[in-house]
Amino acid sequence: QKIVDISKYINNDAPQMVLFGKTYTVKNDKKTVLLLNEIQSTNADDADEKIIKLLVGKEAGEEICKIIDESANYSENAKVILLNLLSLATGQDYEVLEARFQNAIK
């Protein structure tokens, strides 16, 4: 009987994003990703804010949303932060998500 222990290949560490020196842990468990898909499918006006709060938690999400809202380059900064969070949560490359975003707004 052959036994292979694959434990060392399993990663249970949540990804993290650093923004202005503060580290935010990004949720990427199954329940979160399913809720993420649900929010994205609604196309609600506040979907971006809901996604941010879902992925980093309510308190951290409020901090990040405040940073975005007060930034001089609102649209670009919102896009960069949101796409990075989505990339970390879903394991997709940032560039792939950015290309999909660009195609969606054309």
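Which residues of α2 are buried? In α2, the buried ones are Ala47, Ile51, Ile52, Leu54, Leu55 and Val56, where buried means under 20% relative accessible area, exposed means over 50% and partly exposed lies in between (1.4 Å probe, protein chains only). Before we look around, please note that this is a predicted model, in which local features need pLDDT of at least 70 and side-chain atom pairs count only at pLDDT 80 or more, while totals for chains, interfaces and linings use all residues. Residues are numbered from 1 along each chain as its sequence is written, and side-chain values use heavy atoms, with hydrogens and water left out.

**The overall picture**

- The protein chain has five helices and two strands; helices (H or I, at least four residues) and strands (E, at least two) are DSSP runs, numbered from the N terminus.
- Starting at the N terminus, the order of elements in the protein chain is β-β-α-α-α-α-α.
- The C-alpha trace of the protein chain spans about 60 × 35 × 25 Å along its principal axes.
- Of the 106 residues in the protein chain, 30% are buried.
- Take the contacts (heavy atoms within 4.5 Å) in the protein chain between residues at least 6 apart in sequence: 46% of them join residues at least 24 apart.

**The two strands**

- Strand β1 covers residues 16-19, and strand β2 covers residues 22-25.
- β1 and β2 pair in the antiparallel sense over four bridges; two strands pair if DSSP finds at least two bridges between them.
- β1 has a covered face with Met17 and Leu19, and an uncovered face with Gln16 and Val18.
- The hairpin of β1 and β2 has two residues between the strands, and Phe20 takes a positive phi near 50° there.

**The nonpolar core**

- In soluble globular proteins, nonpolar side chains tend to be buried together.
- A nonpolar core is a set of buried Ala, Val, Leu, Ile, Met, Phe, Trp, Tyr and Cys residues joined through side-chain atoms within 4.5 Å.
- The largest such core here has 25 residues, and those with the most contacts inside it are Met17, Ile52, Leu55, Val56, Ile64, Leu85 and Leu86.
- Two or more residues of this core come from each of β1, α1 (30-42), α2 (47-56), α3 (58-70), α4 (74-90) and α5 (94-104).
- Helix α4 gives the largest share of this core, seven residues.
- Leu86 is in contact with Leu36, Gln40, Ile51, Leu55, Gly91 and Leu97, leaving aside its neighbours within four places in sequence.

**How the helices pack**

- Two packed helices are described by the angle between their axes and the distance between the axes.
- Axes are lines fitted to C-alpha atoms, for helices over the stretch in contact, and angles run from 0 to 180 degrees between N-to-C directions.
- The axes of α2 and α3 come within 7 Å and cross at roughly 135°.
- That makes α2 oblique to α3, because angles under 35 degrees count as roughly parallel, over 145 as roughly antiparallel, 65 to 115 as roughly perpendicular and the rest as oblique.
- On the α2 side, this contact is made by Glu49, Ile52, Lys53 and Val56; on the α3 side, by Lys58, Ala60, Gly61, Glu62, Ile64, Cys65 and Ile68.
- The axes of α3 and α4 come within 8 Å and cross at roughly 150°, so α3 and α4 are roughly antiparallel to each other.
- Ile64, Ile68 and Asp69 of α3 meet Tyr74, Ala78 and Ile81 of α4 in this contact.
- The buried residues of α2 pack against β2, α1, α3 and α4.
- After α2 comes Gly57, whose phi is positive, near 100°.

- Lys79 lies in helix α4 and counts as buried because its relative accessibility is 11%.
- Leaving aside its neighbours within four places in sequence, Lys79 is in contact with Glu98, Phe101 and Gln102.
- Glu98 is found in helix α5 and counts as partly exposed because its relative accessibility is 25%.
- Not counting residues up to four places away in sequence, Glu98 touches Lys79 and Leu83.
- Ser87, also placed in helix α4, counts as buried at 14% relative accessibility.
- Ser87 touches Gln92, Asp93, Tyr94 and Leu97, not counting residues up to four places away in sequence.
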